[in-house]
Amino acid sequence: PVLTRQQLTRLITPGTAAIEIVVEVEQVWVCMVTAGPDGPVETVRTLDISASDLAVQAAEFSTQVASRDLAFAPTARRLYDVLIGGFEQALTGVTHLIVVPDAALWRVPFQALQSPRGAFLIEERSLSYTPSLSALVALQERKARRATGRPFLLIRDDLSRMRRAVEACLSAGDWDVVHADQLTMTQFVLSPNGAGLRPYRIFDA
(Lines give C-alpha, C1' and ligand atoms only; values in the text may rest on other atoms or scores of the structure.)
Protein backbone atom coordinates (compact mmCIF):
# COMPACT_ATOMS: atom_id res chain seq x y z
CA PRO A 1 0.00 0.00 0.00
CA VAL A 2 1.02 3.59 -0.64
CA LEU A 3 2.04 5.45 2.49
CA THR A 4 0.32 8.67 3.41
CA ARG A 5 2.41 11.75 4.08
CA GLN A 6 1.39 11.54 7.73
CA GLN A 7 2.65 7.96 8.00
CA LEU A 8 5.91 8.88 6.32
CA THR A 9 6.34 11.85 8.65
CA ARG A 10 6.00 9.59 11.70
CA LEU A 11 8.57 7.20 10.25
CA ILE A 12 11.18 9.66 8.96
CA THR A 13 11.89 11.78 12.00
CA PRO A 14 14.84 14.22 12.29
CA GLY A 15 18.05 12.23 12.26
CA THR A 16 16.47 9.35 10.33
CA ALA A 17 16.57 8.73 6.58
CA ALA A 18 15.49 5.88 4.32
CA ILE A 19 17.08 4.68 1.11
CA GLU A 20 15.05 2.44 -1.18
CA ILE A 21 16.68 0.81 -4.17
CA VAL A 22 14.58 -0.56 -7.04
CA VAL A 23 16.33 -2.83 -9.51
CA GLU A 24 14.65 -3.13 -12.89
CA VAL A 25 15.86 -4.90 -16.00
CA GLU A 26 16.99 -1.73 -17.76
CA GLN A 27 17.38 0.71 -14.87
CA VAL A 28 18.26 0.97 -11.21
CA TRP A 29 16.44 3.59 -9.17
CA VAL A 30 17.29 4.97 -5.76
CA CYS A 31 14.88 6.96 -3.59
CA MET A 32 16.22 8.79 -0.54
CA VAL A 33 13.74 10.08 2.03
CA THR A 34 14.94 12.55 4.65
CA ALA A 35 13.23 14.74 7.24
CA GLY A 36 12.71 18.32 6.10
CA PRO A 37 11.33 21.37 7.91
CA ASP A 38 7.89 20.81 6.36
CA GLY A 39 7.90 17.04 6.38
CA PRO A 40 9.61 14.23 4.46
CA VAL A 41 11.73 15.15 1.44
CA GLU A 42 12.03 12.56 -1.34
CA THR A 43 14.90 12.55 -3.82
CA VAL A 44 14.83 10.03 -6.69
CA ARG A 45 17.77 9.28 -8.93
CA THR A 46 18.68 6.71 -11.54
CA LEU A 47 22.04 5.03 -11.13
CA ASP A 48 24.64 4.95 -13.86
CA ILE A 49 24.98 1.18 -13.68
CA SER A 50 23.06 -1.70 -15.18
CA ALA A 51 21.20 -4.22 -13.07
CA SER A 52 23.55 -6.98 -14.22
CA ASP A 53 26.72 -5.04 -13.38
CA LEU A 54 25.28 -4.11 -9.98
CA ALA A 55 24.49 -7.76 -9.30
CA VAL A 56 28.10 -8.70 -10.13
CA GLN A 57 29.48 -6.07 -7.75
CA ALA A 58 27.03 -7.06 -5.02
CA ALA A 59 27.99 -10.72 -5.33
CA GLU A 60 31.70 -9.89 -5.30
CA PHE A 61 31.41 -7.73 -2.21
CA SER A 62 29.24 -10.13 -0.22
CA THR A 63 31.62 -12.99 -1.06
CA GLN A 64 34.64 -10.95 0.03
CA VAL A 65 33.03 -10.04 3.34
CA ALA A 66 31.83 -13.58 3.99
CA SER A 67 35.28 -15.01 3.28
CA ARG A 68 37.03 -12.27 5.31
CA ASP A 69 38.96 -11.15 2.28
CA LEU A 70 41.04 -8.18 3.43
CA ALA A 71 41.07 -6.81 -0.12
CA PHE A 72 37.38 -5.92 0.04
CA ALA A 73 37.99 -2.17 0.64
CA PRO A 74 38.00 -1.09 -3.04
CA THR A 75 34.74 -2.94 -3.64
CA ALA A 76 33.24 -1.42 -0.49
CA ARG A 77 34.18 2.08 -1.65
CA ARG A 78 32.93 1.50 -5.18
CA LEU A 79 29.54 0.20 -4.02
CA TYR A 80 29.18 3.08 -1.57
CA ASP A 81 29.78 5.58 -4.35
CA VAL A 82 27.30 3.82 -6.63
CA LEU A 83 24.48 3.43 -4.12
CA ILE A 84 24.89 6.23 -1.59
CA GLY A 85 27.52 8.63 -2.88
CA GLY A 86 25.03 10.84 -4.68
CA PHE A 87 23.18 11.51 -1.42
CA GLU A 88 26.09 12.58 0.76
CA GLN A 89 24.72 16.08 1.31
CA ALA A 90 21.22 14.81 2.12
CA LEU A 91 22.67 12.48 4.75
CA THR A 92 24.25 15.31 6.73
CA GLY A 93 23.01 15.02 10.30
CA VAL A 94 21.45 11.59 9.72
CA THR A 95 22.29 9.14 12.51
CA HIS A 96 20.01 6.27 11.45
CA LEU A 97 19.54 4.93 7.93
CA ILE A 98 16.72 2.59 6.94
CA VAL A 99 17.78 0.44 4.00
CA VAL A 100 15.25 -1.08 1.58
CA PRO A 101 17.31 -3.35 -0.72
CA ASP A 102 16.13 -5.09 -3.85
CA ALA A 103 17.16 -8.14 -5.83
CA ALA A 104 20.86 -9.01 -5.39
CA LEU A 105 21.35 -6.12 -2.97
CA TRP A 106 19.76 -8.19 -0.20
CA ARG A 107 23.11 -10.00 -0.09
CA VAL A 108 25.05 -6.78 0.47
CA PRO A 109 26.09 -5.96 4.06
CA PHE A 110 25.52 -2.21 3.78
CA GLN A 111 27.10 -1.67 7.18
CA ALA A 112 30.46 -2.66 5.67
CA LEU A 113 30.31 -0.16 2.79
CA GLN A 114 33.08 2.39 3.03
CA SER A 115 32.49 6.13 2.84
CA PRO A 116 34.87 8.66 1.24
CA ARG A 117 36.11 9.35 4.77
CA GLY A 118 37.43 5.80 5.03
CA ALA A 119 34.87 4.80 7.65
CA PHE A 120 32.44 1.92 7.47
CA LEU A 121 28.86 3.02 7.05
CA ILE A 122 27.98 1.49 10.43
CA GLU A 123 30.61 3.72 12.05
CA GLU A 124 28.87 6.85 10.79
CA ARG A 125 25.23 5.90 11.43
CA SER A 126 23.13 3.00 12.64
CA LEU A 127 21.32 0.89 10.05
CA SER A 128 18.17 -1.16 9.85
CA TYR A 129 16.67 -3.17 7.01
CA THR A 130 13.10 -3.61 5.85
CA PRO A 131 11.50 -5.20 2.76
CA SER A 132 9.49 -2.00 2.24
CA LEU A 133 8.66 1.20 4.09
CA SER A 134 4.99 0.20 3.99
CA ALA A 135 5.81 -3.04 5.82
CA LEU A 136 7.82 -1.16 8.44
CA VAL A 137 5.03 1.35 9.04
CA ALA A 138 2.45 -1.45 9.31
CA LEU A 139 4.63 -3.25 11.87
CA GLN A 140 5.13 -0.10 13.94
CA GLU A 141 1.41 0.73 13.88
CA ARG A 142 0.53 -2.81 14.93
CA LYS A 143 3.05 -2.64 17.76
CA ALA A 144 1.62 0.71 18.89
CA ARG A 145 -1.92 -0.70 18.91
CA ARG A 146 -0.81 -3.68 20.96
CA ALA A 147 1.07 -1.46 23.40
CA THR A 148 -1.75 0.98 24.09
CA GLY A 149 -4.96 -0.53 22.81
CA ARG A 150 -5.28 -3.91 24.50
CA PRO A 151 -7.07 -3.71 27.86
CA PHE A 152 -5.97 -5.68 30.86
CA LEU A 153 -8.06 -8.33 32.51
CA LEU A 154 -6.88 -8.29 36.13
CA ILE A 155 -7.56 -11.48 38.07
CA ARG A 156 -7.20 -11.69 41.82
CA ASP A 157 -4.83 -14.41 42.97
CA ASP A 158 -7.35 -15.82 45.44
CA LEU A 159 -9.15 -17.37 42.48
CA SER A 160 -7.71 -20.74 41.52
CA ARG A 161 -9.53 -22.97 39.10
CA MET A 162 -11.65 -20.07 37.83
CA ARG A 163 -8.53 -18.03 37.15
CA ARG A 164 -6.99 -20.81 35.08
CA ALA A 165 -10.20 -21.26 33.12
CA VAL A 166 -10.42 -17.56 32.35
CA GLU A 167 -6.78 -17.47 31.28
CA ALA A 168 -7.37 -20.35 28.88
CA CYS A 169 -10.38 -18.61 27.38
CA LEU A 170 -8.57 -15.31 26.94
CA SER A 171 -5.13 -16.50 25.85
CA ALA A 172 -6.00 -16.05 22.18
CA GLY A 173 -8.25 -13.05 22.61
CA ASP A 174 -7.81 -9.30 22.82
CA TRP A 175 -7.24 -9.15 26.56
CA ASP A 176 -3.93 -9.23 28.39
CA VAL A 177 -4.21 -11.29 31.57
CA VAL A 178 -2.48 -9.82 34.61
CA HIS A 179 -2.43 -11.24 38.13
CA ALA A 180 -2.55 -9.00 41.16
CA ASP A 181 -2.70 -9.74 44.87
CA GLN A 182 -4.02 -6.31 45.74
CA LEU A 183 -5.88 -4.12 43.22
CA THR A 184 -6.72 -0.47 43.57
CA MET A 185 -10.05 0.47 42.08
CA THR A 186 -8.79 3.08 39.65
CA GLN A 187 -9.94 3.65 36.11
CA PHE A 188 -6.64 2.94 34.37
CA VAL A 189 -3.50 0.93 34.86
CA LEU A 190 -0.05 1.53 33.39
CA SER A 191 0.99 -0.91 30.66
CA PRO A 192 4.02 -3.14 31.40
CA ASN A 193 6.35 -1.32 28.98
CA GLY A 194 5.31 2.12 30.21
CA ALA A 195 3.91 3.02 26.81
CA GLY A 196 0.74 4.52 28.20
CA LEU A 197 -2.40 4.01 30.22
CA ARG A 198 -4.73 1.20 29.30
CA PRO A 199 -8.19 0.31 30.64
CA TYR A 200 -8.69 -2.81 32.66
CA ARG A 201 -11.49 -4.90 34.07
CA ILE A 202 -11.42 -6.71 37.36
CA PHE A 203 -12.65 -10.27 37.45
CA ASP A 204 -13.55 -11.30 40.95
CA ALA A 205 -15.69 -13.86 42.69
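1. A residue is called buried here when its relative accessible area is under 20%, exposed when that area is over 50%, and partly exposed in between, with a 1.4 Å probe and protein chains only. By that scale Glu60 counts as partly exposed, because its relative accessibility is 35%.

2. The model is predicted, so local features need pLDDT of at least 70 and side-chain atom pairs count only at pLDDT 80 or more, whereas totals for chains, interfaces and linings use all residues. Residues are numbered from 1 along each chain as its sequence is written, and side-chain values use heavy atoms, with hydrogens and water left out.

3. On the overall make-up, the protein chain has 6 helices and 9 strands, where helices (H or I, at least four residues) and strands (E, at least two) are DSSP runs numbered from the N terminus. Of its 205 residues, 38% count as buried. Taking contact to mean heavy atoms within 4.5 Å, 60% of the contacts between residues at least 6 apart in sequence join residues at least 24 apart. The chain exposes about 12,000 Å², of which carbon and sulfur atoms supply 55%; accessible areas come from the Shrake-Rupley method with a 1.4 Å probe, and for residues only the protein chains shown count as cover.

4. Strand S1 (residues 16–23) pairs with strand S4 (residues 96–100) in the parallel sense over 5 bridges, two strands being paired if DSSP finds at least two bridges between them. Within this pairing, Thr16 has His96 of S4 as its bridge partner. S1 also pairs with strand S2 (residues 28–36), here in the antiparallel sense over 7 bridges, and a hairpin of 4 residues joins S1 to S2. Ile21 stands opposite Val30 in S2.

5. Trp29, in strand S2, counts as partly exposed because its relative accessibility is 35%. Together with Val22 and Val44, Trp29 forms a nonpolar surface patch with about 240 Å² of accessible area. Patches are made of residues with over 30% relative accessible area and no salt bridge, like charges being joined within 9 Å and nonpolar side chains (Val, Leu, Ile, Met, Phe, Trp, Tyr) within 5 Å.

6. The search of the whole structure finds 5 salt bridges, each a side-chain nitrogen of Lys or Arg within 4 Å of a carboxyl oxygen of Asp or Glu. One of them links Glu60 and Arg78, with the closest N and O atoms 3.6 Å apart. Glu60 lies in helix H2 (residues 51–66) and Arg78 in helix H3 (residues 73–83), so the pair ties together parts that are 18 residues apart in sequence.

7. A further salt bridge joins Arg117 and Glu88, the closest N and O atoms being 2.9 Å apart. Arg117 lies in the loop between S4 and H4 and Glu88 in the loop between H3 and S4, so this pair ties together parts that are 29 residues apart in sequence. Glu124 forms a salt bridge with Arg117 as well, at 2.7 Å between the closest N and O atoms. Salt bridges that share partners join Glu88, Arg117, Glu124 and Arg125 into one network.

8. Glu124, in helix H4, also makes a side-chain polar contact of 3.0 Å with Ser115, a polar contact being a pair of N or O atoms within 3.5 Å; within protein, one must be able to donate a hydrogen and the other to accept it, and residues adjacent in sequence count only if both atoms are side-chain atoms. Ser115 counts as buried because its relative accessibility is 0%, whereas Glu124, at 25%, counts as partly exposed.
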